Amino acid sequence: MDQSVCSGRGHVSVLSCFPPSVARDVAVAVVKPLRAGLRNPDTRSLLHTDSQVKWTMEVLCYGLTLPLDGDTVQLCVDVYTDWLMALVSPRDSFPPPISREPNLYTQKILRHLDSLFLSRSEQASPVYLSLCQQVLLAVQSLARESAVMSGDTWETLLHFLLRINHNMLAPPTTTDVLEQLSHLSMAVLFEVWLLSCSRCFPSHSLWQTARQMLSSWRHQPAVVEQWSRVMAALTSRLLVLSFGPSFPHLKVPDEDASLVPADMDDQRVPQTWFRFLHLLSNPVDLSRPVVAGSTPSFPEEAMRGGGRLPNIFFRAMKGVGTMVDAFLGVTVVNKESTEQQLPSTGVTPRIHFRDRLPSLGVGVARSPFKDRLPPYGISRPRSGSAPPIPVNILSVPSTPPSTTSTLHNTRLKPVNVSKATSKPPMTSSSPHHWKSSTHPPLSSHRPPPSPLRCNVDSLLHLFGGWLFDAALIHRDSVGDVTVMSERWAAGRAEACGMLCRIFSCKKTAEDILSVYLSRFYLVLLRGIQVSEEACPPVLASILMNSTCLFCCDLRGVNLLFPCFLFAVESVLLDRELLRFKSFVRPVDLRRASILVLLSLLPLPLQLGSVQSEVLLDGKFSGDDVTAGNFLSLKPRLRSILIGALQMETDTTNTQILLAAMLNLIQDSALFEAAGQTQQQTDSWQDGASRPISTGATRGTSGPSGTREPSGTSGTRGQSGLSGPSGTSGTRGHSGTRGPSGHSGTSGTRGPSIRSAEILWVQLVRLLTQRLMAQWRNDSAVCLSALEILGGLAKVEVSVEESESRRALSSVCSYIVFLCSRPPPLHSRDLHSIIVAAFYCLNVWLTQHPAVLDHQECLLEVLEIVELGISGSKSGKEQEVRCKEEKELNPSSLRVKEAAEATLNCVMQVSGAFPLLGDQLDEDALIGCSTLSDTSVKKFRYFVVGSSVILAMLERLPGPGEPREPREPGEPGEPGPKPGEAAKCPSLTVLIRGASGRHSWTLQHQLQPRDGRTATQQTPIPEQRGVAQEDSGIQCGVKHQLFPANMDRVSLVKADLSIPLLDDIVTDKVQQQLQRLQAALKTQRLVEAQPQASGRSVVMTICRPPPPINSFQTARLFLSHLGLLTPETLKSPGSVPPQLLSLDSSLPGFSDDLKRLDELPSRNCDFASIFYMRAGQRTAAEILRNVESSCSVPSYFLDFLSSLGWPVEAWRRQRGGVNISSEFHAVLGDSGGGVFDGERFVLMYADGLTEITFIVPSSSHSL
């Protein structure tokens, strides 16, 4: 180091040889006349020659060393700062020698001004602080505005700034005033140095001197703060030059960005950035007091100071972290203020220095937290990119409020205000000096790193040495590991977080040096320990920044699986997290742990029986090695997930856990269904593709005749339901498989293999229980839980049917609970939950239709439907009322529509049988090949409620056939098929509505189905002989209208309740009675006449009429539904009647039906799939990948085959060919481009949704 720079004393005045009193009197006498020429450009200077100026400067130099009790020092500073402006704007008031040679005299003035900054007893006074500020601001203005400064003057100016900073910052401890002044002095030093790099680049020796001197000052907070500020500004400028304008900018305050001169040559920016980066040397040296300071007594004084170095070490690591994020392309807005540290007025430097003095008093402290949170999802890295990287949110304040003056705090964001105290908290004996009780607010979604970022190795070449040293700190000067962990944990945690962010940004197919990977894994193994000696801040920082670490395909990262699993377990199963509350929000830490856990879920199934050996604490003894296969850790993963879900209270975290549980169950079910054992892990990738749902074919088709592929599950017979009218119906739908309806899996299924079934039952019970308890007031969690519950219904697991009925009953009970809540609690959110519950109920009914075969379950579902439509249940009322008599008072219109959709779902799946044929229309029902006017004329069409079209086909029994066939579900004879002659009067109804097309077949039965046998016939009496007229004994009988003894019966009061006819007869009635009496009289006369003898009378026996062959089954069906009555057929004004008849003979009627059938009846979605290789940027390159199978990997084709089945474009119809063989037949040599939407598409559909997948190719324009 140059001794002339750090000697601590500049020029010595000749007056110092005289007695102090004499020298003082001379200085006072000389300075006072010079006051008149200040600030007055018209005044001529008293000094004209060089000797006069030099003699006066000797006096001024001595005057700067005088005490501050008078105004002599102030006048000396005013004169010198005024003369310094000779290089900026010359004036006549300047002495002529200074105007002629401003560079020479400026150099002398700077050497003299060193005397002002020498150590003195009055350094704590505000007067001294104002004088130093005045000089520093004058020097700053000189460097900014002067255009004629020579190289020697620049070097002298830099030497001057180095000397005065060394005088203030080299001692281990400083006063509060000097600490406030140090921020301005360092800011001026760095700004002037940057100006010199732009106009007169400093020499190599000067750079070396500055590096050595700054290494001896880094124990001061101002040095690290200002260095971080300048490095951020230089990094922002360097990124634009190195990566171009498309790279994300590092947003720095305008005041900081202005530190780098706009006219600096682009070639000098990298040199300046690199040299400034190493001015501070290794920041880890701050943890070594022996090398952190420059004085021999520094280690002892630093150890007595206690709390300064750990805090400064953290601030240095934080500055490095800003640069790391910038090179990764993560646009993080710096939350700190952008103003200069001195002064606080905010005016420009052109204003006079005396007007820019700082105000002392109240200090403003900012919250030390970073507003940073990890993303809510995990994804595999794409080519040239990586998943979003969370950053460290550990909080360590740079300086305590009491020791941070307004000079520094004007740069800080005002979060809380505290009065300054005389005792700095940094000297507190508590090791956790960096704690903070203020939590950061939730931040917005953090953007992912830029695809244009540099490689991992490049970043580690720049910062790896510092970061690894900082992360592996394990002992302090006295060898006390525990004390070290508590004192230096903040900086160490920041370094570990940066390393995790760097390695998580690995690009696809990027190679990282093995030495970096090994050191990084060693850092993680030491930092993620969960023992008593573990460091909570480091553990929290690693978890917060490692959410995507296992998704980046790092070589050997799977060896860290057990360690991370234990660390995540220690966080998620700890309800209070008392160890972490002081520096991180428990919610954020738990969320990061959940995301890490999500990235660990696939590993046991992917790696299976692969053995893992992890070295702990760097030891190789057998006791420190954790060995075992990955599949053995799967039960622990399960227990952690369930335990975390039971303890979690945050809404977002609960939603993530629910999704993780569903993914785990789905993966486990697929793994077990593939017949994999614990040792057969190599073939997991072939079985990981999700098989297509193999439910039975439904009789309900979409608008274009699409239906689900038929599977191996058995079909259920129709359920015979008889109504009061004696008609029963069977519907043309197929049943779907129940929970055990899928085909059996190969291989032995031991107890350990049935984990999916066990976890399925546990999660279903947990969800249904918590919906009614802990989660009932959280709408977001309730919606997520219902969605997960619906997803569980689609998982193919073999469980008892009672579990499905129990889940269905729980959903029904939950709907009843929601609808029964008090009216003030009914809101849009509540109704949204009810609608979601109905949708969940529909999914369960669609996936598990066998539950409706149980009468209790069916009645419960129908009661829920009634509750949703009418607002009440009949079973709860004392008096049972018919549905048409009930007053409709649903919770809302949305709830009513959801209940109607559930009723429609019940009608589709309950008692359905498979439809024979590919489409459901008139042709399929009568056996025609195409829908034509001829087939349409055989049907009668009606419109019900202006929303449903009924197509009715009446069938009569064939000649000679029994009139009562067997039930289609009975053994021995199948039910009637469409197109065949009915064995009894029947009606086939094709229903077209908003939910699609459905077919119903109703048969007219003379007897109920229950209890009758196959041999029962309708009793018809036989023909008997003709009766003889004279057969038997004939007796005369006198017919009487009333009994003979009627008059002898005494009357009672009840007889008097009916009035006599004479009492109520009116004139009109009297006339009718008279006509009746005349008719009776005439009849008596006819009966009294004797009959002619010899005339035989033939008596005919009453016989039942023969069965008729013409039926109007459609009229019977419509009348039973209450649609065919005089009241319903009347049109009340402008409102059309409830039932309208359509004329099918009109031309184009069949074409209109075809267009109507093309409308979708399910939720239809489209998705485009692209395959993108690493480094590809243009659309043409990406689209060409799928033209050939050689351009895409095999697992991409496996992924396509798992999405759905091939369908010809715009003909969503498929035959009964095996799906897997058909896929490969259609695929051919293509890489998936055949499914571009012009030739084929991939389609998946179930009872509620329909998804079409398109793989765009170069021949298909998007």
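## Tour of the predicted model

Start with the largest nonpolar core, which has 253 residues; Phe503 and Phe564 have the most contacts inside it. Such a core is a set of buried Ala, Val, Leu, Ile, Met, Phe, Trp, Tyr and Cys residues joined through side-chain atoms within 4.5 Å. Buried means under 20% relative accessible area (1.4 Å probe, protein chains only). Select helix H9, residues 176-199: with 13 residues, H9 gives the most to this core. Helices are DSSP runs of H or I, at least four residues, numbered from the N terminus.

This is a predicted model: local features need pLDDT of at least 70, side-chain atom pairs count only at pLDDT 80 or more, and totals for chains, interfaces and linings use all residues. Residues are numbered from 1 along each chain, and side-chain values use heavy atoms, without hydrogens and water.

Next, select Phe503. Leaving out residues up to four places away in sequence, Phe503 touches Val456, Leu460, Phe468, Ile512, Tyr516, Leu517, Phe520, Leu549, Cys552 and Leu554 (contact: heavy atoms within 4.5 Å). A second, separate core has 16 residues, including Leu1197 and Phe1253.

Now go to Arg585, in the loop between helix H23 (561-572) and helix H24 (586-600). Arg585 is buried, at a relative accessible area of 17%. Show its side chain with that of Asp588: a polar contact of 2.9 Å joins them. Here a polar contact is a pair of N or O atoms within 3.5 Å, one able to donate a hydrogen and the other to accept it; residues adjacent in sequence count only if both atoms are side-chain atoms.

Technical notes
Helices (H or I, at least four residues) and strands (E, at least two) are DSSP runs, numbered from the N terminus. Buried means under 20% relative accessible area, exposed over 50%, partly exposed in between (1.4 Å probe, protein chains only).
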